[in-house]
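This briefing goes through one protein chain, topic by topic. Please look at the sequence and the model before reading the points.

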Amino acid sequence: MLNNVSSQSVRRRLSADERRRQLLGIGLSRIVDTPIQDLSLDEVAADAGISRGLLFHYFPTKTDFYLACVAAAGRRMLRTTAPDEDAPGREQVETMARLMIEQIERRRAFYLALVHGRVAGGELAGQPVAEVYESVREVSTDRVVRALGLAPDRRPVVRAWWAYVEDRALTWSAVPAGDRELPLAGLVGECVEALDALLAISGR
């Protein structure tokens, strides 16, 4: 009897929202190591225990699934780069810079795809991908402004600084770890000092 109950529980039909979350979770786990344009929908469906055809019931096209994965990855990036808001402001900024650089290093190919707004086969994804990228930049900017207690007119400076951090992280992560001129801590320190300098210059 217990085995029957257990078996029925395992085979419980997922709701539409649960199935979508499951499929996105599988997609996210795969794009850590696989460029999103190389993501196999057959493998995603197999991991979920469903047919490829059923996957398209939840995501009508391949691009719809890729874009949903991109949006989910953007939300995850914001979660994983969030600072401890009870920490001192400068410590929060250092934490955010380090976590963002680490994110870019781990998922460099995906981040480049996000920045350039491209998905499978080099097709332009258009506005949806751009909106994900802008959301990450906007929320990250707001967090720094809030952490440092900056006036609203300094926000454009902080936003531009994030572009600097991103470029430095992409350049740094393109070099093999053993050949890098700076360790992670050194790069974070430079980035934070760059923000200090930008704020000082713009405040004159």
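Among contacts in the chain between residues at least 6 apart in sequence, what percentage join residues at least 24 apart? For this predicted model, the figure is 63%. The chain has 10 helices and zero strands, and 40% of its 204 residues count as buried.

**Chain and annotation**

- Read from the N terminus, the elements of the chain run α-α-α-α-α-α-α-α-α-α.
- An unreviewed UniProt entry places the feature "DNA-binding region" at residues 40-59.

**Nonpolar cores**

- The largest nonpolar core has 30 residues, and those that touch the most other members are Val93, Ile101, Val144, Val158, Trp161, Trp162 and Leu195.
- Two or more residues of this core come from each of helix 5 (62-80), helix 6 (89-106), helix 8 (127-148), helix 9 and helix 10 (184-202).
- With eight residues, helix 9 gives the most to this core.
- Another core, of 25 residues, lies apart from the largest one and includes Tyr58, Tyr66, Ala68 and Val132.

**Helix 9 and helix 10**

- The axes of helix 9 and helix 10 are 10 Å apart, and the two helices pack at an angle of about 155 degrees.
- Helix 9 is therefore roughly antiparallel to helix 10, since angles over 145 degrees count as roughly antiparallel.
- The crossing of helix 9 and helix 10 is right-handed.
- On the helix 9 side, the contact is made by Val157, Val158, Trp161, Tyr164, Val165, Arg168 and Trp172.
- On the helix 10 side, the residues in contact include Leu184, Leu187, Cys191, Val192, Leu195 and Leu198.

**Helix 6 and helix 9**

- Helix 6 packs against helix 9 at an angle of about 45 degrees, with the axes 9 Å apart.
- Helix 6 and helix 9 are therefore oblique to each other.
- Helix 6 and helix 9 form a right-handed crossing.
- In helix 6, the residues that meet helix 9 are Val93, Met96, Ala97, Met100, Ile101, Ile104 and Glu105.
- Their partners in helix 9 include Trp161, Trp162, Val165, Ala169 and Trp172.

**Helix 6 and helix 10**

- Helix 6 and helix 10 cross at roughly 125 degrees, and their axes come within 9 Å.
- That angle makes helix 6 oblique to helix 10.
- The crossing of helix 6 and helix 10 is right-handed.
- Helix 6 makes this contact through Arg90, Val93, Glu94, Ala97, Arg98, Ile101 and Glu102, while helix 10 uses Leu184, Leu187, Val188, Cys191, Val192, Leu195 and Asp196.

**Single residues**

- Is Trp161 buried or exposed? Trp161, which lies in helix 9, is buried because its relative accessible area is 0%, and the limit for buried is under 20%.
- Leaving aside neighbours within four places in sequence, Trp161 is in contact with Val93, Ala97, Val144, Cys191, Val192, Ala194, Leu195 and Leu198.
- Thr141 is found in helix 8 and is buried, with a relative accessible area of 0%.
- The C-alpha atoms of Thr141 and Trp161 are 8.8 Å apart, although the two residues are 20 residues apart in sequence.
- Thr141 touches Arg155, Val158, Arg159 and Trp162, not counting residues up to four places away in sequence.
- Ile101 touches Val165, Ala169, Trp172, Leu184, Leu187, Val188 and Cys191, with residues up to four places away in sequence not counted.
- Ala160 is found in helix 9 (residues 155-173).
- Ala160 is partly exposed because its relative accessible area is 48%, which falls between the limits of 20% for buried and 50% for exposed.
- Ala160 and Leu195 are 35 residues apart along the chain, and their C-alpha atoms are separated by 9.5 Å.

Notes. Residues numbered from 1 in each chain as written. Predicted model: local features only at pLDDT ≥ 70, side-chain atom pairs only at ≥ 80, totals over all residues. Heavy atoms only, no water. UniProt positions renumbered as here; feature names shortened; annotations may be inferred. Helix = DSSP H or I, 4+ residues; strand = E, 2+ residues; numbered from the N terminus. Buried < 20%, exposed > 50% of the residue type's maximum accessible area, 1.4 Å probe, protein only. Core = buried A, V, L, I, M, F, W, Y, C linked by side-chain atoms within 4.5 Å. Contact = heavy atoms within 4.5 Å. Axes fitted to C-alpha atoms, helices over the stretch in contact; angles between N-to-C directions. Parallel < 35°, antiparallel > 145°, perpendicular 65-115°, else oblique. Left-handed = near helix turned anticlockwise from the far one by under 90°.
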